Amino acid sequence: MNGLIERWKSRLPVTSRTPVVTLGEGGTPLVRADRVAKAAGLPPGAVFLKLEGLNPTGSFKDRGMTLAVSKAVEAGATGVLCASTGNTSASAAAYAARAGLRCVVFLPKGKVAAGKLSQTVMHGAEIVEVDGNFDQALAMAVQAAERLGFTLVNSSNPLRIEGQKTGAFEVVETLGRAPDHHFIPVGNAGNITAYWKGYTELGHRPRMCGWQAAGAAPIVLGRPVKNPKTIATAIRIGRPVSWTAALAARDASNGSIESVTDAEILAAYRFLAREEGVFCEPSSAAPVAGLFKLAKARKAPQGLTVCVLTGHGLKDPGITARFKPRIRRVKAGGRIVL
Ligand code: F0G
């Protein structure tokens, strides 16, 4: 089974001696989204969605994790460790299980979506529940990794960024060009940093447009947020690790980092599911919410836009309880008029 290390090894820090730990990550679909384009007042073919929820553990984290865990094994590590809003821990737990490493995760209490938690449990990670937010959990994880001599696999680990930059390689390969605008959710700001690295390594400079949740928008506000709040728990982060790198990507690309409200995120989340047949988690809908917000202000981006949908909708089944379906009930064999 070939994953992204095999595919992009000439552009990644690996050698023939690196023991590759893979679950076949990468190679995710880039689908046209003409209904999104139409709703934003753009022509057919103007918007594409990169479906990162189709990675092995259901999020883009697998791109960075295959490399971080492979290199940890190569370096002789006995364990990996991270703090997480849920997807990093699910991915770290899966790759560590495959590599036979211990995996310790620090999770903010009550703020990890059910799907992510179940993955983390089933892959056998050792879970530390922190009575605090992600930023506080990360500070504890950094110290614990040092104490234990475990490899920290948060996106402060440069190997995570190296692996994740392959998303940009795939976009360029599939389109035969770079997009004009790259829309992406921003939490800890690792992924926007990684895509920018990938594009620039190929000589491209799309405008990098990052989207934070309004209640967790430190980069937009220009200061850390002590108590970040949003239904998009994956990006509920008040002090992003890659803050400076994200600003550099924004400025060098003439891009932007803005925010969308939870209501705007949920509207885009529903639109993607109903109109495009694409089920992503709420955080992943933030860039599409951003596109709709710009369209409303008559500032829709001209040219080609790629939105990265970072995680699968099944990650967060709890959120769907907000959307009441109309269910008609009937006895088995009874008549139902439809
Ligand atoms: N989308 C999803 C689904 C995520 O899980 C994350 C981050 C992001 C977007 C933001 O990416 O941090 O690189 O800016 N999740 C991390 C985690 C924090 O612990 O799983 P970022």
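The shell around the ligand holds seven nonpolar, 11 polar and two charged residues. Here Ala, Val, Leu, Ile, Met, Phe, Trp, Tyr, Cys and Pro count as nonpolar, Asp, Glu, Lys and Arg as charged, and the others, Gly among them, as polar. This is a predicted model: local features need pLDDT of at least 70, side-chain atom pairs count only at pLDDT 80 or more, and totals for chains, interfaces and linings use all residues. Residues are numbered from 1 along each chain as its sequence is written, and side-chain values use heavy atoms, with hydrogens and water left out.

In total, 20 residues surround the ligand (a heavy atom within 4 Å). The closest are Ser 84, Thr 85, Asn 188, Ala 189 and Thr 310.

Now the polar contacts (here, pairs of N or O atoms within 3.5 Å). A polar backbone atom of Asn 188 is 2.7 Å from a ligand oxygen. For Thr 85, a polar backbone atom is 2.8 Å from an oxygen of the ligand. Lys 61 uses its side chain: an N or O atom there is 2.9 Å from a ligand nitrogen. The protein covers 99% of the 470 Å² of accessible area that the ligand has on its own (Shrake-Rupley method, 1.4 Å probe).

Where does the ligand lie relative to the domains? Domain 1 (4–58 + 159–322) and domain 2 (61–155) both give residues to the shell, so the ligand lies between them. The domain bounds come from an automatic or database assignment.

How values were computed: Polar contact = N/O pair within 3.5 Å; in protein donor to acceptor, adjacent residues only side chain to side chain.
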